[in-house]
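Have the sequence and the structure open as you read.

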Amino acid sequence: IAWRFLNLPDIDALLDSAKTRIQIRLYVPPDGQSVFRLPEYSDGKGVDTVIRFAITLPDIEKARFHSQEECQDRRDKKMGFNYNWEFDRTKELWEKVNRKKAIGTPCQSFLFHSTLDNIEWSGAETIEGVVDNGIEVELGPGLYDVMVNDWQLKPEVRGTREWRIGSMEQYSDKNYDIGPYCADTDTFDWNIDDANYLI
């Protein structure tokens with residue numbers, strides 16, 4: 001899974017109030033299955049989502065290979081960005097920290113690689129948002145493209161010192177019950193590579 005914001009405002013002051021679009025790509029391998037919970041606002045208010053699928057499954061491994069190749073080339077040429085985000089425990093907000101070196105690497109997920117630009121998609125189906133806590137859609141093998149057209153940006157939610165799961169001392173303890181954050185113990189183990197494009 002990978003996602004990106006589209007039509008973000010150029011003016012920073014509008015980043016907590018504008019309406020934008022979110023494009024999500026989901027790839028379910030030929031021998032897999034998936035349940036996708038459609039995006040919704042934190043207050044439970046639904047938002048319309050448009051979903052479609054690739055009529056013919058493209059060469060995903062080719063896209064993955066070329067994407068990694070281009071990303072490595074960018075790293076070698078130090079074509080990164082010179083900032084990162086850190087959580088300020090005093091202000092309890094995320095802050096942008098500028099660096100002298102371009103340590104970040106502007107690589108995008110292979111699911112958005114240009115080799116997938118000419119995909120023939122199915123007709124788009126609109127799934128209307130509901131007030132209920134999320135709509136779950138079962139997805140069989142294939143490549144899916146999901147568009148949320150009117151996503152309302154809001155000011156960052158202020159948290160507490162323990163609001164991040166990674167800040168909990170017991171997080172790395174397999175026997176610790178971290179409640180709603182990971183109710184299914186079968187999903188405790190995960191591969192960091194699954195998230196390297198999402199962070």
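## The overall picture

Of the 199 residues in the protein chain, 28% count as buried (buried is under 20% relative accessible area, exposed is over 50%, and partly exposed is in between, with a 1.4 Å probe and protein chains only). Keep in mind that this is a predicted model: local features need pLDDT of at least 70, side-chain atom pairs count only at pLDDT 80 or more, and totals for chains, interfaces and linings use all residues. Residues are numbered from 1 along each chain as its sequence is written, and side-chain values use heavy atoms, with hydrogens and water left out.

The secondary structure comes to one helix and nine strands (DSSP runs numbered from the N terminus, with H or I and at least four residues for helices, E and at least two for strands). Reading along the sequence, you get the pattern β-β-β-β-α-β-β-β-β-β. Contacts here mean heavy atoms within 4.5 Å; among those with a separation of 6 or more, 72% come from residues 24 or more positions apart. The chain exposes about 14100 Å², and carbon and sulfur atoms supply 48% of that (areas come from the Shrake-Rupley method with a 1.4 Å probe; for residues, only the protein chains shown count as cover).

## Asp145 and its arginines

What does Asp145 pair up with? Start with Arg25: the two form a salt bridge, with the closest N and O atoms 2.6 Å apart (a salt bridge is a side-chain nitrogen of Lys or Arg within 4 Å of a carboxyl oxygen of Asp or Glu). Arg25 sits in strand S2 (residues 19-28) and Asp145 in strand S9 (residues 142-152), so this pair ties together parts that are 120 residues apart in sequence. Both Arg25 and Asp145 are buried.

Asp145 also forms a salt bridge with Arg52, where the closest N and O atoms are 3.3 Å apart. Since Arg52 belongs to strand S4 (residues 49-53) and Asp145 to S9, this one ties together parts 93 residues apart in sequence. Asp145 has a relative accessible area of 3%, whereas Arg52 is partly exposed at 28%. Put together, Arg25, Arg52 and Asp145 are linked in a network of salt bridges. The side chain of Asp145 also makes a polar contact with that of Gln23, at 2.9 Å (a pair of N or O atoms within 3.5 Å; within protein, one must be able to donate a hydrogen and the other to accept it, and residues adjacent in sequence count only if both atoms are side-chain atoms).

## A pair on the helix

The count comes to four salt bridges, and one of them joins Glu61 to Arg64, with the closest N and O atoms 3.3 Å apart. Glu61 and Arg64 are three residues apart in helix H1 (residues 60-76), separated by about one helical turn. Glu61 is partly exposed at 48% relative accessibility, and Arg64 is partly exposed at 27%.

## Nonpolar cores

Which residues touch the most other members of the largest nonpolar core? Of its 16 residues, that would be Leu26, Phe36 and Leu139 (a core is a set of buried Ala, Val, Leu, Ile, Met, Phe, Trp, Tyr and Cys residues joined through side-chain atoms within 4.5 Å). S2, strand S8 (136-139) and S9 each supply at least two residues of this core. Apart from it lies another core, of eleven residues, including Ile60, Ala63, Leu111 and Phe112.
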